[in-house]
2 protein chains.
Amino acid sequence: SFQAGTVPFTPARFVTRTNTCGELRSAHVGQKVTLYGWVQYQRQGLFLVLRDFQGLTQVIIPQDEAHSHLKELLSSAPLESVVRVTGTVSPRPLGQENPKMPTGDIEVKAETAEILNSCKKLPFEIKDFIKKSEALRMQYRYLDLRSPRLQSALRLRSRLVMSMRQYLCNLHGFVDVETPTLFKRTPGGAKEFLVPSREPGKFYSLPQSPQQFKQLLMVGGLDRYFQVARCYRDEGSRPDRQPEFTQIDIEMSFVDQAGIQRLVEGLLQHSWPEERGSIMTPFPSMTYEEALAEYGTDKPDTRFGMKIVDISDVLRGSGVHFVQNALSYPHGSIRAICIPQGVKYLTNKDLESLKESAKSEFNQCCALGALRLLSANLLEAAGLALRDPTAFHFLWVVDFPLFLPKAENPTELESAHHPFTAPHPSDASLLYSDPTKVRSQHYDLVLNGNEVGGGSIRIHNAEQQRFVLEKVLKEDSEVLSHLIEALELGAPPHGGIALGLDRLISLIVDAPSIRDVIAFPKSFRGRDLMGNAPDYVTPEELEPYHIQVSWPLEEKEAKKN
Amino acid sequence: SFQAGTVPFTPARFVTRTNTCGELRSAHVGQKVTLYGWVQYQRQGLFLVLRDFQGLTQVIIPQDEAHSHLKELLSSAPLESVVRVTGTVSPRPLGQENPKMPTGDIEVKAETAEILNSCKKLPFEIKDFIKKSEALRMQYRYLDLRSPRLQSALRLRSRLVMSMRQYLCNLHGFVDVETPTLFKRTPGGAKEFLVPSREPGKFYSLPQSPQQFKQLLMVGGLDRYFQVARCYRDEGSRPDRQPEFTQIDIEMSFVDQAGIQRLVEGLLQHSWPEERGSIMTPFPSMTYEEALAEYGTDKPDTRFGMKIVDISDVLRGSGVHFVQNALSYPHGSIRAICIPQGVKYLTNKDLESLKESAKSEFNQCCALGALRLLSANLLEAAGLALRDPTAFHFLWVVDFPLFLPKAENPTELESAHHPFTAPHPSDASLLYSDPTKVRSQHYDLVLNGNEVGGGSIRIHNAEQQRFVLEKVLKEDSEVLSHLIEALELGAPPHGGIALGLDRLISLIVDAPSIRDVIAFPKSFRGRDLMGNAPDYVTPEELEPYHIQVSWPLEEKEAKKN
């Protein structure tokens, strides 16, 4: 439950306002009040509506001669100007109450006022803002931040994180530890931003997660660590990814997979916003194998059925050539999904797009998973209510493979997640004989078909860690020597998880993008469109870092001309 | 008060231990318990002491034949190995209780045990660790983290920050907003780390503070913002500075200087650790001018007197040549500090070092301030208790100058703090006539002679901001065009503060360095001695960022040979 939100606070303390613009009710009638806010609306010099973070209040502009200066001041204030108004709370005239407005029973008769900041011409009308391009809204992010949509998303995010902290720190003995973001490259860290240092040729790296540090904290006996951690990932241009993002980062000593899962279920239940209903625990669990077989993905959306079924036996005697051909392969099978009411809802055009998808995804094991999601979208576009938008289906996916064949060279193996993941206890001996068969102690948390968290029990044995790095992954373990050495000097068994905060919040507030729950997001090209970052710097500014720009040839040429 | 610390929590939940090593008392006698911890001490196969984050428990090793395997296991476990012990809580034999140990009334008779991780040879004996060089302790930081000193500093830090959050977020309506750390260079941002982007020649910059973003949040109507903000500053090698550090970052709309001061006093009072006594509010306040005149510094240590006094009048008729000479200058004066009991405590050698300091600081207005501090150190080294180590003297220093002459060219001006600081209301008109005379609305928070915070009321008027940047500071305001434009589109009056968390915590726990309150600090050269960061990267890794290393000549030569 939302403890943080239910504690009454005093937004008037430390400032000279007596009330916020969302507070006044009939009970305040007769009181002299001072409000500060933005001019939301103004009508013919008769009244204006003042807005702050908490709501709207109607202010009546006096019409008598003695207040002509005040009338002039308030009726000429441009929309979105910042104004102080002092006046008396009065009941609205009979019949003019506005039941849709929390302050709709009253109005404030202005007695004095001050324009604290007169708003220049807006780049567009605020009421049309939502229809403007996202690029324009990002350029004027501070205007977009005034919208109820962003105000409520950012405030919910703050309250939810606070509630998570109370659960972890106050109720369960976790220690909030800040770990460095200036570190060095990890093996395979191609997506890590580099930060030139003042030592020639040496670079820091902005880590993709505090993984190594949180493990070292366990070796250091911290027992229970958490951090709302800023993480960095340079993926170039990818839709709905951010170069910097936030994760709720957790690690515990002496814990097993079930322990972490119960902790996270309790954490989410405790911090879940009341207005979004409640969530049931424990969350259901599914193996990676089941998820792939039944949903064609490792992050199944379990809000609807249409599971994948094996119809090989039905078709075995069909005599259809391509069916027979498929079944003749080892492990060959025929699988299908049944689209209920497809006949009623799907048009020929829909069927065409399903065919196209099937063709483009052909030969991928996830082809039917993609078809299933596309079918659901088509059914919903046609008006069938398939997925309840207010439902939250959490799911644990477990028993992932520990290693996967490398895409570029399938005879070599890479970690399915990261090289610190411990093997499944039942498969530990396979590590030395047939590593491809080893399942891991990794677990993913899936919400409505989105991965919102992932973690694992870690390797705490130096020999095993060295074997995985050197023998299985053929990595140079030297770069991780500090971690391996730490495992030799009294490392407790430990494990943890990281929850993707941006994605989680965007699902809770039903926002189309994580950009809608981040105060100052970057564009999908990684640009800050408001402040114009990244930007050029002078060669002199690069000097202390012993680097220079390698201009691509065309840029060089363009600069010459 | 320490609300976070007083809520009982359940360190046994989600794990298979029944108790921590600091928990067991006489009331537990007879209970079967399972403990996990590190072997702190082992004696002749008779007993061992198990340690975890919460304390120590004595474990009795059974000596009978039936448990010979258990005896063998526990007596051979090297110190700092990680062990699980299951056994029964028993009272210690009469006379063997240890009143200095919270668990000193009991011991646990081991029944089963498991070595979870056998500790290899330690790089040094743990008990001598504190005497080792700091570089060695930083290399094996995870071992140092096991010390009571670091455990308690990090736990106090976590609890104190939690308590601050509760005050700001739950009691006073602040919103915790995360702001970007990948931004662009600000004017005069020579100390900002650069992060190469994938766009040729373009760089992000890691900001020294969220200054611009927090002001934009106010323009965006957030009303009250706070963040425990990671900040970056590249100062090369400087003692007791860190390239990344943390500040409690606060901004409010519609607030004045007194409002921010009362807020911060309430914040510190609320979160102050009980075990450090209580602090009185409001904090005393002193102008910059007074501070310089009486203490010779803008961060006076007010725990002791020895103030600077003007003795010009006393000496005016003295006839001493150098005195007369000094007094003949405009504003010439003779100032002195009186060192009480100096005669009794200061040796000739002490006086020599005072003379040396006076010589080296000569011609600096802060010479007497430095002498005052040096005298205090000498007196204390000689045994005089001058400054109470348990006293916390907070002080506001106000009315700083808005601009200072540039060190390299005194005819030009630079901001005393930053270009967004608002002028003092009484001096606003001087801004256009004599900017050197303008006092600012900046305030510093000083604790025992250390600056622990600083903030200001900001300029919220675009014209004034443009004038300061272009006319006074002669900066190109284009790079800040987004901020100036924001001030034109309905910016409320606003102000804020940032508290240096690392320094504040180090003063509270009386640690000699901020490195003692940071989990993984860098060395004074900016190196991570544990993980060896920063590190070399390959030219291929630099390619996506369109940069190359400019090797200094000697490095190039060395590489050739």
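I started at A:Glu80, which counts as buried at 3% relative accessibility. My cut-offs: buried is under 20% relative accessible area, exposed is over 50%, and partly exposed lies in between (1.4 Å probe, protein chains only).

I noted the ground rules next. The model is predicted, so I keep local features at pLDDT of at least 70 and side-chain atom pairs at pLDDT 80 or more, while totals for chains, interfaces and linings use all residues. Residues are numbered from 1 along each chain as its sequence is written, chains are lettered from A and ligands numbered from 1 in the order written, and side-chain values use heavy atoms, without hydrogens and water.

**Salt bridges inside chain A**

I count a salt bridge when a side-chain nitrogen of Lys or Arg is within 4 Å of a carboxyl oxygen of Asp or Glu. I looked up the partner of A:Glu80 and found A:Arg146, at 2.7 Å, N to O. A:Arg146 sits in the loop between helix H4 (141-144) and H5 of chain A, and A:Glu80 in the loop between helix H2 (68-76) and strand E4 (82-91), so the pair ties together parts 66 residues apart in sequence. For these elements I use DSSP runs, numbered from the N terminus: helices (H or I) of at least four residues, strands (E) of at least two. A:Arg146 is buried too, at 8%.

Then I checked A:Arg439 and A:Asp399, which meet in a salt bridge at 3.5 Å, N to O. Their loops put them 40 residues apart in sequence, so this pair also ties parts of the chain together. A:Arg439 is partly exposed at 29%, and A:Asp399 is buried at 17%.

I turned to strand E3 (residues 55-60) of chain A. Five of its six residues are buried, so the rest of the structure largely encloses it. For pairing I require at least two DSSP bridges between two strands. Strand E2 (residues 47-52) runs antiparallel to E3(A), joined by six bridges. A:Asp52 has A:Gly55 as its bridge partner. A two-residue hairpin links E2(A) to E3(A). Strand E5 (residues 106-117) pairs with E3(A) in the parallel sense, over two bridges. There I see A:Ile60 opposite A:Lys109.

**Where A meets B**

I laid chain A on chain B: RMSD 0.0 Å, a turn of 180° and a shift of 0.0 Å along the axis. That is the relation of a two-fold axis.

Contact, for me, is heavy atoms within 4.5 Å. By that rule 135 residues of chain A touch 135 residues of chain B. The area buried between them is about 11,900 Å², with 58% from carbon and sulfur atoms. A:Phe14, A:Phe254 and A:Leu489 supply 7% of what chain A buries against chain B, more than any other three residues. Buried area is the accessible area (1.4 Å probe) that two parts lose on being put together, summed over both.

I found 14 salt bridges across this interface. Helix H5 (residues 148-171) gives the largest share of the side of chain A that touches chain B, 12 residues. A:Arg185 and B:Glu541 meet in a salt bridge at 2.8 Å, N to O. I also logged a salt-bridge network whose members include A:Arg157, A:Glu244 and B:Glu178.

Notes:
Least-squares fit on C-alpha atoms with pLDDT ≥ 70 in both.
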